[in-house]
Amino acid sequence: MGRPGRRKALFAVSLAAWAAVIAEERILSLAAYCAAAAPLALGWQSFESAIRLNGAGPLAASWAIMLVAMMPPLLVAPLDYVWERSLPRRRLRSVALFLLGYGLVWLPFGVVELALVAATHAFATTSGASSLSVVMAFAFLWQISPWKQQCLNRCHRLGQLSAFGLRADGDVLRFGLAHGGWCVGACAPLMAVPLLASGAHAAVMALVALFLLGERMERAGPAGWRLRWPRYAAAASLATLRQAIAARGWPVHRKERST
Amino acid sequence: MTNVRLNVYDPAAEETVEWYGKAVAALQKKPIAERMSWTFFAAIHGIVDTWWDTFGWSVSPPPPPSDQDIFWNQCQHQSWYFLPWHRGYILAFESMIRSTVVGLGGPESWALPYWDYDNPAQTDLPPAFADPNSPLFIQRRYGPDGDGKVFIPAGSINTDAMTDPVFTGTDQAPEFGGVETFPLFSPSGNTNGDIENQPHNYVHGIVGGFIENTNPNLWKNNGLMSMPQTAALDPIFWLHHCNIDRLWAGWNNSGKVNPTDPKWLNGPAGSGERAFVMPMPDGSEWTYTPSEMVDTAALGYSYDVLPAAAATGDLTRPVEKAVTPGRSAAMADRKTETELVGASQVAISLSHRTTVPVRLDPEGAEKITKNFAEALRSVTPAAPGRVFLNLENVRGAADSMTYKVYVNVPEGENAEDHPERLAGTIGLFGISRATTSDGPHGGNGLSFSLEITNILGDLHVGDDSDPGALQVQIVPRVQSGVAPDVTVDRISVYREAR
């Protein structure tokens, strides 16, 4: 399968998962619960309640579906790499092992995210601020920090992959784990935001997904404190739009009307 | 009026070189803040203030930040824009020199000469550049042995890239012009195109070199030509790139076409990135795209002699299929599909001469053998599928290092006695920038691809060597007291999958 074919497959998987996200209501019951102005929902209690309300299994499934919806476009680069650097007979196996390593980092991180959300909710309730604004403030601080850039840079790093036998299995699994780790560093704070956006959960998730995808396309750069946003993706999208309009011959300005 | 670019060794070019020297001297007197100065133009390729300062090139007062943002650090490497960007760069440079030459009383027909180092009689640095009294002389030009004697060692470069059938390639088979830059979503920006690798990168490293018996990992020991951030300060840079440009013109002249993909034609500006732009002698800013760089006649120049079309040979040489314009156009944007056939272990040091076993997968090796057998058996000569050796993600800080790469040198024998087993040479031009994790390459270093179809053809024809593993020997040009800190992630073999 060539690059275009593989890309289509990844996007198809992602779209299917998005359909499940939109159809599914369970996440909303968590978000609605946490975001509600419930003064008794403090810290560990709210975390426990969320689990009891929804059940740990369904919560884990919701998190997994969210990952399957958001991650495939972000994984085009490392998956292309794993595919092209593997022996033909090992390609699917290598891809599966990479995804296993990646998933082994991200899936449990759902628990961490939930705990973080609960903790911020506790902090928010006692301080009077809304938990959404606390999470957004933290996400913003992380976004402009040098550590975010370091994580983004490391996301570009390609792993060393042996070609044969158990070594190959180990290397690609390790690559998946490492990539997952840097991905968590780059994306996790922003991923907490949709968890708290009740009523607009899927829409906020989509916005965050687009933002993260745009960021993934930026080149590596020097770390430091600065406002960081997907400049290249925005410029490229604008340029593509302009070209598409020009190709259709649509007039850009309506100047032909004479007075 | 078409200006003709001459071979620097042609007696007719003597006057050209003299005027070049005078213009260089005049331009070097101008401050860097002026667009039409030697240093401003060199900074368009790349600049690092501290390095330039250490090397004695004044960087202050600097030009306004707007000029720096628009013009400086533009050079396109490990990218399919490598050839078109440099074509525009040397065209603008030629205009600057010409206008300076005319100002000094010289001819309006002045054109940039080229150095045809592929000609065995022209491998020495052109004499005018080696003369310490000439403005074309540069002290920080150390040559292959680090002693200031500059020449291209025999048998170290080739123009095999001229046989590449298409312009755009992949990371495993980069083809003539290189790999698409930063395609949406995908990793890129590490692999050298075939002509960029050979002879371009190699000549940079061999001419610049590093001071003999010093640490090659330190930038301050390198020649100017060894590093992208200082290379354009050396007057020989321009003759080198003129030759690279001439090779591109020759490749087109033999019937092979440039990409028709709008992403290439429109350049990075088409994706909202910084445009290619050069300052011109009349004070204007010339913005250009690769689409405007495809025809030298349209740009007002030609070469006295274009390189001959790649010769066809016996079946173990890559056979040139007759390339009709129609067929070539159809192939213009085709990406070569490849399959991994074998690889070495990971994380190999290239600090010393080393032999690396590259284990071949029996399935893949069998496909290659069958392919060769079919090609030999067929009634009309047919080219076997190509096979490539990849050096994946070479990392380090020794920009000036160059290596020879041999495949299956008979055991116990000297590699240098077996030029028929030489896969090619590589130069690590730009490696330190490619290795820093906060640099644009994301710390992935540089990747190289060398075609080894010929060698494997020889191995399969009458040789009993076991195709189970290839023995790849990598030989550094210089072995100084301090070893170069260079590693390669993996050495692999890919076959063209048809």
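Keep in mind that the model is predicted.

**Where chain B meets chain A**

- How many residues does each chain bring to the contact? Chain B puts in 42 residues and chain A puts in 43.
- Interface size is often quoted as the accessible area lost when the parts come together.
- In one salt bridge, the side chain of Glu273(B) meets that of Arg219(A), at 2.9 Å from N to O.
- Between chain B and chain A, 13 residue pairs are in polar contact, with both residues at pLDDT 80 or more.
- On the chain B side, strands E7 (338-343), E9 (354-360), E10 (387-396) and E15 (486-496) each supply at least two of the residues that touch chain A.
- Which element of chain B gives the most to that side? E7(B) does, with 6 residues.
- Sorted by class, the side of chain B that touches chain A holds 17 polar, 13 nonpolar and 12 charged residues.

**Chain A on its own**

- Of the 259 residues in chain A, 49% are buried.
- Take the contacts in chain A with a separation of 6 or more: 78% of them join residues 24 or more positions apart.
- Chain A exposes about 12900 Å², and 70% of that comes from carbon and sulfur atoms.

**Two buried spots in chain B**

- Pro144(B) sits in the loop between helix H6 (127-130) and strand E2 (168-169) of chain B. Pro144(B) counts as buried because its relative accessibility is 2%, under the 20% cut-off.
- Beyond four places in sequence, the contacts of Pro144(B) include Phe151(B), Ile206(B), Arg477(B) and Val478(B). Its C-alpha atom is 9.9 Å from that of Ile211(B), a residue 67 positions away along the chain.
- His86(B) belongs to helix H5 (residues 82-103) of chain B. Is His86(B) buried or exposed? His86(B) is buried, at 4% relative accessibility.
- The side chain of His86(B) makes a polar contact of 3.5 Å with the side chain of His45(B). Leaving out residues up to four places away in sequence, His86(B) touches His45(B), Gln76(B), His77(B) and His241(B).

- As background, most peptide bonds are trans, and most residues other than glycine have a negative phi.
- Pro61(B) lies in the loop between helix H3 (49-54) and helix H4 (65-71).
- Pro199(B) is part of helix H7 (residues 194-208).
- Gln78(B) lies in the loop between H4 and H5 of chain B and is buried at 6% relative accessibility.
- Asn393(B) lies in strand E10 of chain B and is buried, with a relative accessible area of 1%.

Technical notes: Residues are numbered from 1 along each chain as its sequence is written. Chains are lettered from A and ligands numbered from 1 in the order in which they are written. Side-chain values use heavy atoms; hydrogens and water are left out. Contact means heavy atoms within 4.5 Å. A salt bridge is a side-chain nitrogen of Lys or Arg within 4 Å of a carboxyl oxygen of Asp or Glu. A polar contact is a pair of N or O atoms within 3.5 Å; within protein, one must be able to donate a hydrogen and the other to accept it, and residues adjacent in sequence count only if both atoms are side-chain atoms. Helices (H or I, at least four residues) and strands (E, at least two) are DSSP runs, numbered from the N terminus. Ala, Val, Leu, Ile, Met, Phe, Trp, Tyr, Cys and Pro count as nonpolar, Asp, Glu, Lys and Arg as charged, and the others, Gly among them, as polar. Buried means under 20% relative accessible area, exposed over 50%, partly exposed in between (1.4 Å probe, protein chains only). Accessible areas come from the Shrake-Rupley method with a 1.4 Å probe; for residues, only the protein chains shown count as cover.
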